[in-house]
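Please take a moment to look over the structure below, and then follow the explanation step by step with the model in view.

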Amino acid sequence: MINIWSWDNAFSAIGLAAIDPDLAFSQFATVFDWQDESGLLPDFVHDAGASFAFTKPPVHGWAILHILEAYRDCFSSDQLVYLRDKMEKQLSYWLTHTRANEQELSGYFHGNDSGWDNASFFDHGGPVVGPDLPTFLCLTANCIAQLYRSAEEPHMANKFDQIRTQLRNLMIKQLWNGECFVFRKPAQPDLVLPDTSLAQFMPLLLGSDLPREIADKLVERFNAQGFLTEWGPATENPQSAYYEADGYWRGPIWAPTTLLIFDGLCRQGEIRLAHELAKRFMRTCEASGMAENFDALTGTGLRDQAFAWTSAVYLRFQNVLSKAQLTSA
């Protein structure tokens with residue numbers, strides 16, 4: 001793979017943070033250095049330039065928070081200012097150019113923009129509004145607020161705290177149906193989209209910002225519907241009519257979504273379940289290599305057989321579980 005996609009880099013940074021902080025920072029800068037004036041990030045960069053045909057989901061705020069919580073002094077003050085300024089522009093892009101007004105949620109124009117490419121909730125095309133994007137934007141706002149607070153700029157921190165709260169409230173009001181978060185097409189509000197994708201559980205990442213009763217129902221749904229297989233979390237419910245063994249984002253296990261679900265479960269206090277999920281994914285990698293994705297029911301490696309973000313997530317899990325063993329010893 002000669003391209004660096006603008007969400008792959010965030011997971012690679014997480015995998016590198018413990019052993020080479022400067023290289024981890026460079027993973028962010030490789031893409032952020034190409035950021036458009038509008039705040040839009042390219043789909044990918046390579047040695048000949050960058051492509052803006054699509055973009056990718058704004059997971060960078062979550063990733064930076066994840067790194068700073070695990071490795072507090074990973075980045076220098078100058079690096080943190082750089083990341084904060086880039087994320088401010090990124091957040092502005094999504095809130096300005098991907099929704100009709102402040103009372104609406106941002107959406108993905110195309111499946112490729114979501115990172116979930118051909119997921120079942122894009123079965124009728126785009127644009128699509130779902131719970132993963134507002135979750136990532138909430139976490140971006142939270143990360144910016146925390147960086148301003150650390151820089152002793154409480155006024156700016158409060159501004160982004162308010163944005164985070166507004167986005168969370170909009171997501172719950174418009175997408176929570178009492179049992180799960182739904183996906184919808186703004187142009188066809190009565191169209192029922194599939195609710196069988198792993199993406200529906202991304203709000204778990206909000207931790208205590210997510211009301212307890214909603215978090216409990218999401219965890220119960222995750223367990224009851226069998227998303228976690230022997231090998232890790234399937235991206236599409238294996239019982240779904242949309243499930244395909246080698247269906248890209250319609251079933252196979254992927255490293256980035258595995259780490260996102262892991263972190264969401266941890267933030268909801270489901271540590272035992274999260275660690276079991278991590279162990280299963282690590283066993284899959286050890287049996288089938290660092291493949292791009294894996295058959296959710298057999299663990300067989302699919303597509304590209306050596307992928308950077310798979311290695312990065314494996315390293316992160318290894319670090320977490322090693323610390324857990326030391327703590328319990």
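In this predicted model, three strands form an open sheet in which the order is β1-β2-β3 and the pairing is antiparallel. The edges of this sheet are β1 (4-5) and β3 (49-51), each of which pairs on one side only. Strand β2, made of residues 44-46, is joined to β3 by three bridges in the antiparallel sense, and within this arrangement Val-45 stands opposite Ala-50 in β3.

Gly-15 counts as buried because its relative accessibility is 9%, which lies under the cut-off of 20%. Leaving aside residues up to four places away in sequence, Gly-15 touches Ala-312 and Leu-315. Gly-15 and Ala-308 are 293 residues apart in sequence, and yet their C-alpha atoms are 9.3 Å apart in space.

Helix α8 (residues 212-224) has 13 residues and, at 1.5 Å a residue, should span 18 Å, which agrees with the 18 Å between its end C-alpha atoms. Which residues of α8 are buried? They are Ile-214, Ala-215, Leu-218, Val-219, Arg-221 and Phe-222, and because they cover an arc of only 160 degrees around the axis, they lie on the same side of α8. An α-helix has 3.6 residues a turn, so residues three or four places apart point the same way. The buried residues of α8 pack against α7 (154-175), β4 (228-229), α9 (255-267) and α10 (271-288), whereas Glu-213, Glu-220 and Ala-224, on the other side of α8, are exposed. After α8 comes Gly-226, whose phi is positive, near 70 degrees.

Technical notes: Residues numbered from 1 in each chain as written. Predicted model: local features only at pLDDT ≥ 70, side-chain atom pairs only at ≥ 80, totals over all residues. Heavy atoms only, no water. Buried < 20%, exposed > 50% of the residue type's maximum accessible area, 1.4 Å probe, protein only. Contact = heavy atoms within 4.5 Å. Pairing = 2+ DSSP bridges. Helix = DSSP H or I, 4+ residues; strand = E, 2+ residues; numbered from the N terminus. Expected span 1.5 Å × (residues − 1). Arc of directions from axis to C-beta.
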